[in-house]
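Please look over the structure below, and then read the points that follow, which are grouped by topic.

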Amino acid sequence: MLITLPYFLTRKTLPGYIIGGDTLVHAAIARGIYLGRNPFLDQTYNVYPSWYPFLYHLIVAVTSKVFQISIEGAMLLLQATLAILGCIVFFYVAKNLWGSTAGIMAMAFSLMFLPFHRYPNPKELIPIFGALFILYFVKERWVLSGIILGLGLWSHYASMFPLFVLPLTVYIFTRRKEVITPLLISTIVFLPFAINIISHADHIIPKVEDIYAFWKTDTLEKKLLSLLPPIYLVPFLLLSLYKFYKRRDYEGTVLFLSVVTIWGLRLLPESLKPFGIQIWSTRFTVPLPTIYLLLSAYGISEIKITSKDIKTIFLGILLFLIPIASALNFWEAIKRDPFIWVSEFELKEYFPEEHFIEVSEWIKANTERDNLIATSEEAGMMINALTGRPIMATLYGHGNTFLDNEIRRKDLELLFTADCKEKAKIISKYKIKYIVLDTFVYKRWEVKDMSCIAEPVYKVENVTILRVNLNITYTNKGEIRMNKKLFWLLLIAFVVNFSVIYGRKNPCWRKWRRYDNSHGHD
C-alpha cells in the first residue's frame with residue numbers, strides 16, 4: 001500500500017486514458033453495464049455479441065454504484081485493491097500449501113509484480129484467480145477449482161487459457177480421470193459467453209487487428225525470452241527442481257506441468273507458421289510469473305531453518321529489503337513507461353482542441369443511453385468511454401474481434417464524404433442519432449454537406465454536434481420516407497378534416513345540426 005498509494009492518489013486521469021488506450025475500451029464496457037445495458041452486447045456498437053469477458057467490468061460498475069463514485073474512480077480504486085489483494089492471496093496460497101515461511105516469501109516477492117498494476121485492466125485478476133485455482137486444484141477441490149477457473153476465463157480467456165488446458169495436461173501425465181472435472185466445470189461456467197459468440201459472431205475465430213506488427217516482430221527468440229523467469233527467483237526455482245527430484249509429489253507435478261503447458265502454448269505458433277496459421281500467443285504467458293512464484297515458494301519450503309537468529313535475518317530480508325527493492329522496481333517501471341505521464345494531466349489539458357469533456361457532458365445531458373453517435377474513430381473511443389453511448393466505428397485494433405470492423409470504418413467515411421442519398425443509407429443501416437464533427441473528421445476527410453441529413457444542436461469552437469433529422473430520412477433504396485410519428489399525425493388530421501368536409505354535405509349531418517340549433521345549442 002505504501003509503495004503504490006502515492007501513484008494512485010496523484011493520478012488526475014486514468015492511466016491509459018488516451019486515444020488508442022485499452023483503458024478507454026474497459027471504461028466504455030464498464031460504463032455501458034453501469035447504465036443498465038445488457039452485458040452480452042458489445043458496449044461499443046450496442047450489438048451482439050460481447051467480445052470481451054465482462055467480469056472485471058461488472059465489478060467496476062457495481063463498485064461505482066455501491067460507493068457512488070465515477071467509473072474512473074472505481075477503476076482506480078480497483079487497481080489499488082487488486083494490488084493489495086494479490087499479496088494477500090499469494091500469502092494465503094503458499095501458506096496453505098507449504099507453511100508460513102513459504103507464505104511470507106510468496107507475499108514479499110509478489111510485490112515485485114506491482115508494475116503489473118500500472119494500468120486498470122482485466123488481466124489484473126489473472127494472478128489472483130490463477131493462484132487460487134492452483135491451490136484448490138492441488139488440494140483436489142475439483143468443483144471449487146473449476147468455478148475459480150471459470151471466473152478466470154470470464155476475466156480474460158486468452159490469459160487464463162493455459163490453466164484451462166492444465167487439467168488435460170495433468171491427466172495425460174497422471175491418468176487420473178478426476179483431474180478433468182475442473183475443466184468440465186469451468187467450461188459450463190464460461191458457456192454463456194461462448195454461446196453468445198457462436199450465435200452472433202461474423203466469424204467464430206477472433207480476427208485480431210495487429211497494431212504492433214506482432215506477426216512479424218514476435219520472433220522465436222522473443223518467444224523464448226518471454227518464458228524466462230525473473231533472475232531474482234532463479235535460486236528458489238533451482239531449489240524447487242531439487243525438491244521435486246527428491247519427492248516427485250503431486251504439488252510439484254502440477255506446478256511443473258503448468259510451466260510445460262505455458263511453454264508449449266507460447267511456442268506452438270512456430271510450428272503452425274508453415275501452414276499459414278497465426279496465433280497471438282503472448283497472452284498465454286500472463287500466468288507464468290504466478291507459477292514461477294509458487295514454484296519458488298514450493299522450493300523454499302525444502303529449507304528447514306532451525307536457528308532462530310538465521311530465521312530472523314531471513315524474514316527481515318523478506319519483509320524489509322524485498323519491499324524496498326519492489327518499490328524501486330515499481331517506480332522505475334512508472335518512469336520508463338511512455339504513456340503514464342499523461343495521467344498527471346486533466347483531459348482538458350491534454351486534449352484542449354478536441355473538447356472531449358464539454359462534448360461528453362452535453363451528450364450525457366441531452367441524449368438517451370442507446371443513441372448511436374457517429375464521429376471519427378479517435379473521438380469515438382473517447383466519447384464511448386466517457387458517456388457509454390454506442391458509436392459507429394472505433395480505432396483499428398480496438399474493435400470487436402468477432403465482427404467486421406473494417407466495413408464500419410468504410411461506412412463511416414461514406415457518411416462524411418458521400419452524397420445525401422448514401423449518407424441516408426448509412427444512417428438507416430446503423431440507426432445513427434447524432435453526428436459529431438470534430439478535428440479528426442476534418443483532418444481525415446473532405447466533409448460534404450451534412451445539412452441534408454442532420455442539423456446542428458451544439459457547438460464549442462471547432463467541434464459541432466449534429467442531430468439527425470428525424471422527420472424525413474431516406475430508405476435503403478433512396479426513397480423519401482416520413483417519420484412514423486409524423487405519418488400518423490398527418491393521417492389523423494386528414495381523417496378529421498375529411499370527416500368534417502364530408503359531413504357538411506351529408507343530409508344526416510344537416511338534420512342533426514338543425515335539431516341541435518333548435519335546442520339552443522351552439
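His355 is buried, because its relative accessible area is 7% (buried means under 20%, exposed over 50% and partly exposed in between, with a 1.4 Å probe and protein chains only). This is a predicted model, in which local features need pLDDT of at least 70, side-chain atom pairs count only at pLDDT 80 or more, and totals for chains, interfaces and linings use all residues. Residues are numbered from 1 along each chain as its sequence is written, and side-chain values use heavy atoms, with hydrogens and water left out.

**Backbone geometry**
- Most residues other than glycine have a negative phi, and most peptide bonds are trans.
- His355, in the loop between helix 15 and helix 16 (356–366), has a positive phi near 55°; helices here are DSSP runs of H or I with at least four residues, strands are runs of E with at least two, and both are numbered from the N terminus.
- Glu461 also has a positive phi, near 50°, and is found in the loop between strand 3 (454–460) and strand 4 (463–468), where its relative accessibility of 61% makes it count as exposed.
- Tyr48 and Pro49 are joined by a cis peptide bond with omega of about -5°, and Pro49 is found in the loop between helix 2 (22–34) and helix 3 (55–67).

**A link across the sequence**
- Glu344, which at 42% relative accessibility counts as partly exposed, is found in the loop between helix 14 (308–336) and helix 15 (347–350).
- Glu344 and Thr10 are 334 residues apart in sequence, yet 7.0 Å apart in space from C-alpha to C-alpha.
- Beyond its neighbours within four places in sequence, Glu344 is in contact (heavy atoms within 4.5 Å) with Arg11 and Lys12.
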